[in-house]
Amino acid sequence: MKKRNMAAPLRLNATSASPGVASGPAYIAEPPTAAALSQSAVSGYAELAAAIETAIDELQKLATGTDAEGGDIIDFQLEVLRDPTIAEMAGARIDANENVVFAWVGTLDGYIRELESAEEEPLRARAVDILDIKNRVLAALTGAPVKDFPAGSIYVGKDMEPSRFLAHDWSAGGGIALYAGSAAGHVALLARSRSVPMVIGAGRFLTTGGQHIRVDGDAGVIVLQMDKEGVAPIRPELTASTTVPAEDNGVLQTADGRQILLSINLNAPDEIDGIAATTAAGIGLMRSEFAVTSLADAANEEKQLAIYRRVLDWADGRSVTIRMLDVGGDKPLSGLATSPELRGIRLLLARPEITRVQVRALLRAAVFGNLRVMLPMVTFPSEVDDMRQIFREEAAELARRDVPHRFPSIGMMVEVPAAALMLEQFEGADFFSFGTNDLTQYLVASTREDADFAAHREKAAQAVLRLLAYAVKLAGSKPLSICGDMAGDPRLTAELLAVGIRHFSMAPAQLPAIRSAIVGLNAGGTKAAGE
Ligand code: PEP
Ligand code: MG
């Protein structure tokens, strides 16, 4: 037998945040420096000038090898980009404290609308050429891409930003081992939905970059000092999502014959690849902040329209609930500096330039399927009314421009305790969905980033259930669902039925467990006779 001079593998106890086992070379994450943070925030004229230059370069490259007609279009676009008045108009908006991304969008949108309403057809046809350069410069304005780490490695660090998780290619495997972190945080939520093994709360441990380590998300363990050759290749764990899915369209019956709907939560839109739409009643929650991750994306109506349309096409007529950007807290929007008290709808109402772009993209997407729009972190009824007014104004503007659109139903997350306790006052909401993750964090006076949050959550489950029972009564006859993590916890299914919930939305991997939990239960949550 080959002799090894290695120390025995060292097992570190940590906490599981996402099941499965992965091993690979460690990638030690550097904490972001102040310089790097300020670099990622897009701020002014120099960035705009550089982005315009990039767009000019790209167009010049495109021009070589194109035919005469294509060449004419590009010449026109280059002329516009070189026209100093465009940069001056955007500059004036920056002077007036507008963010550079929206200063550019606002300037070009003004130009596009002017062309769209021109009498002469050739001028009207130019609008789409301007739309193209608007988006080209926008793409160049996107903040510096998050530094990625090698595919297949194990990310080791104090914490991880959701944008870093989303930018990484997990198809080659890999895992996450955090010194701190939280099983209820958004990265853990993403890891579970993509079946990426993850452990948290390991405390600071020493390992060098490239050294082989193993993350065991089932046992909540990290194994260090491993000999690379001694490690058997790890087969990706079979997760619930890889078992044969039930193609029942997410429609179930309780033992006493009441209908229950099961929908799925969607983070990044490519999560639907490989999932058959027939396994669920639809999408109960699409977290748009994981699809629209930078200020440039937030300003890009066409890009958003394409993302939402893709999901609606996939759903094939089933209901798709897209939640408007819930930015703030541990979900920053790259390039947007915000204050901690602004999150969800408060931020959306404070930053109408961001909101109006998403509203237009949603109104236009609604033509392609059964869209419901959901508002995040609503606290007061006036917030829903104010957002509905923005939808009305943008719908009127689209109608004036003859752009196809449809008014969706507009509902709200019930995830702030004050809103849950006065739910009957939200006349402006068409439907409600309980966000038990935030409800819990505000009920236990903690944050999801707190390492003890999972323990607090367990101990406070009864308090959350009582709040839900009270709120369900206040909701009256409006459609009601639950999309927080509680919906995917089979230990709570009977109690959620007992409080009156009939529509559950969860990570796709949780569907089989909740299906089994519902079998044999009456609608009131009691066990059916003979079970
Ligand atoms: C919730 O708070 O329960 C929820 C579903 O929203 P998120 O987890 O994205 O905050
Ligand atoms: Mg929430």
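The entries below go from the domains to the contact between two of them, and then to the ligand and the salt bridges.

**Entry: domains.** I noted at the start that this is a predicted model. I looked up the domain assignment, and it gives domain 1 as 10-29 + 149-224, domain 2 as 34-142 and domain 3 as 251-518. I then took domain 2 and domain 3 as a pair, and found that their centres, taken over C-alpha atoms, are separated by 34 Å. For the contact between them I listed 15 residues from domain 2 and 15 residues from domain 3.

**Entry: the interface of domain 2 and domain 3.** I looked up the buried area, which comes to about 1300 Å² between these two domains, with carbon and sulfur atoms giving 57% of that area. Which charged pairing crosses from one domain to the other? I found two salt bridges across the interface of domain 2 and domain 3. I also looked at the salt bridge between Arg-401 and Glu-116, in which the closest N and O atoms are 2.7 Å apart. For polar contacts, I wrote down a count of two residue pairs between domain 2 and domain 3.

**Entry: the side of domain 2 that touches domain 3.** I checked which helices supply this side, and found that α5 (100-116) and α7 (127-141) each give at least two residues. The largest share comes from α5, with six residues. When I sorted this side of domain 2 by class, I had seven nonpolar, four polar and four charged residues.

**Entry: ligand 1.** Which residues come nearest to ligand 1? I found that, of the 15 residues around ligand 1, the nearest are Arg-287, Arg-323, Gly-435, Asn-437 and Arg-448. I then went through some of the atom pairs, and found an N or O atom in the side chain of Arg-448 at 2.5 Å from an oxygen atom of ligand 1.

**Entry: salt bridges.** I looked up the count of salt bridges, which comes to 31. One that I followed up joins the side chains of Glu-121 and Arg-124, at 3.2 Å from N to O. Both residues lie in helix α6 (residues 121-125), where Glu-121 and Arg-124 are three residues apart, about one turn of the helix.

Key
Residues numbered from 1 in each chain as written. Chains lettered and ligands numbered in written order. Predicted model: local features only at pLDDT ≥ 70, side-chain atom pairs only at ≥ 80, totals over all residues. Heavy atoms only, no water. Domains from an automatic or database assignment. Contact = heavy atoms within 4.5 Å. Buried area = accessible area lost by both parts, 1.4 Å probe. Salt bridge = Lys/Arg side-chain N within 4 Å of Asp/Glu carboxyl O. Polar contact = N/O pair within 3.5 Å; in protein donor to acceptor, adjacent residues only side chain to side chain. Helix = DSSP H or I, 4+ residues; strand = E, 2+ residues; numbered from the N terminus. Nonpolar A, V, L, I, M, F, W, Y, C, P; charged D, E, K, R; others polar. Near = heavy atom within 4 Å.
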